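Please look at the structure shown below, and let the following paragraphs lead you through one meeting place within it.

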Amino acid sequence: MSQATTAAPGAAARGRAGRGRKVNTFPLLAPSVAALLVWMIVPLVLTLWYSLQRYNLLYPERRGFVGLQNYVYILSDSTLQTAILNTIVLTGAVLLLSVVFGTLLAVLLNQEFWGQNLARVLVIAPFFVMPPVAALIWKTMMMNPIQGVIAWVTQSLGLGAISWFQNWPMLSIIIIVAWQWIPFATLILLTAMQSLDHEQMEAARMDGAGAISRFRYVVIPHLSRPITIVIMMETIFLLSVFAEILVTTSGGPGHATTTLTYLIYIRALLSFNIGGASAAGVIAIVLANIVAVFLMRIVAGTLERR
Amino acid sequence: MATLTLNGVRKKYERFDAIKGVDLAVTDREFVVFVGPSGCGKSTLLRMIAGLEEITGGDLLIDGVRANDIPPDRRGLAMVFQSYALYPHMTVAENMGFALRMAGVAKAEIATKVGEAARILQLEKLLDRRPGKLSGGQRQRVAIGRAIVRNPKAFLFDEPLSNLDAALRVQMRIELARLHQELNATMIYVTHDQVEAMTMADRIVVLNAGKLEQVGSPLELYHNPANIFVAGFIGAPKMNLVDAKVAAASAGETRLDLGDGGGVVLPGAEAGLAPGSPVVLGLRPETLSFAATGPFRGIVRVIEHLGGESLYYLERAGGDTMVVKTGEAVFARLGESVSLTVRTERASLFTADGKAIGLRRDNPARAVA
């Protein structure tokens, strides 16, 4: 009995001393490491492997290792440059639109007015519409030159109808994607606005700052961090925009709205060229990582400035 | 620098009246403290003076000019907020110079004025830091510096010390008093802490439920509270309030019956006091002392030794608690049954509905001073 009671503190002391050194963490880490392996590394390695193969589903018998030929072919194809440019234009434009309108809407919705809650829900609603549906709504209900709402409005004003997807394909895609992503920016920035110290705005009022100065010197600096978060999050998703293009323009006319993602789709599922698509995918991964490095730098920078 | 006059100032919200008509004249270079329990409207009143809340009735005059409709930045007042409200992305110097920058003052002049304020507040070494890197006391000083730089007609403080720890609060209190002398400025200061009010104010304004309860110098309020609310709010530990009945009121003295057989004779008389009318006797803890016999009897329940002084909490027969403040010597033990006498010339008397009865002679503390 006495032995048991005296042994207990000793055991506890040993346990304390051994913490962090003796505990085997492998079983605890293994599940997540395994999941990462299955979900990330395996597809990545497979993609790399396929990108070095001649592998076209239409000619399954002509398979074999071709080295970097797929890359050489893709990089010398002008479609890739168009696709990269289109991706940059689409991502940049939507980022710009969603940050500008997101900020303005957040500031507006942060004011007290009648029906504020309903307005907030309505503004955020487009975010919950899935991309193919959103694209279909815009294609058939809004931008259709015959029965679309926009055409009806412009025609009532005597301006005639615009064939959006024919004449302004990239602009149309940008409008649709921005419509979906402005709510996300608004949501993030609105919550940030709500954490803005009330007394800071009042202090600025006492200091003689008008509405515009308060926006510029108090609101914008306060929002700078959430804005970088919005840019980072949206970039991740905007680089992989696909459904909107598939449903509306199918990458055309010509290659006017073919982005990197869409190019991979064309290669893989329209030309059945798995090898070429994989090579394009690897290039996309490299480009996305370059963007990610810059983004992380920006985010780290804004964090440091506090 | 400035006088402020409030004539019947009111604040009406949809559901209730926050400020129910306040008349007050703040003279030049005065340090006025608004004090009251939370929700009494003291901050609202300050914000109305600042221009951050609309005045819904009455007039606010600054230097004799009606200022009700003048926007906050043109009233020439500067405010120090409870949360300091510093701009987190600006350096200390930028924070302090922001108002001047907004007013379009030249950069060199801003730098001079910021430097001057930084010297007064000993912030010179911190000028290019951001608020996030400062301690609570330093942030507080930056907030004050931001006010000083504007060279305002009057300073408004909204509970500026409530976010500081106790030691720093005492230090900042002294610093604020020093600043008031150095800047020679009119200051209005809001607090719920009566110690801050007592130590800093030239005049204290006691507010309760949107009304002025009493306005006067700290000692005036302490010795001659106008009603039970002020008597209970000013002074720590609180004034003892004892229910009593008038036994007899003759020329020169008033005899009170305490109900438990004890009685007290107060010097001075008041014509309206009929025998038998209920009154409340107000006794400051330091005016009570232990004695072999005395009008108040009770059992010692709690003793707090504070070093230089001790507080004894007594339970009287009816269950009421009385507090006695004594020197550091031990006068009684826990559970002991004791008697108390009182310096009757320092006692206050109130009617049953809380108004002070003017038995009072002159102010004893004034007589000494």
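Chain B is divided into domain 1 (4-232) and domain 2 (238-368), with bounds that come from an automatic or database domain assignment. The model is predicted, and local features need pLDDT of at least 70, side-chain atom pairs count only at pLDDT 80 or more, and totals for chains, interfaces and linings use all residues. Residues are numbered from 1 along each chain as its sequence is written, chains are lettered from A and ligands numbered from 1 in the order in which they are written, and side-chain values use heavy atoms, with hydrogens and water left out.

The C-alpha centres of domain 1 and domain 2 of chain B lie 37 Å apart. Their contact (heavy atoms within 4.5 Å) takes 13 residues from domain 1 of chain B and 16 residues from domain 2 of chain B.

Between them, the two domains of chain B bury about 1200 Å², 51% of it on carbon and sulfur atoms; buried area is the accessible area (1.4 Å probe) that two parts lose on being put together, summed over both. On the side of domain 1 of chain B, the residues that lose the most area to domain 2 are B:Tyr222, B:His223 and B:Ile228, together 49% of what that side buries.

Across this interface of domain 1 and domain 2 of chain B, the rule finds 0 salt bridges, a salt bridge being a side-chain nitrogen of Lys or Arg within 4 Å of a carboxyl oxygen of Asp or Glu.
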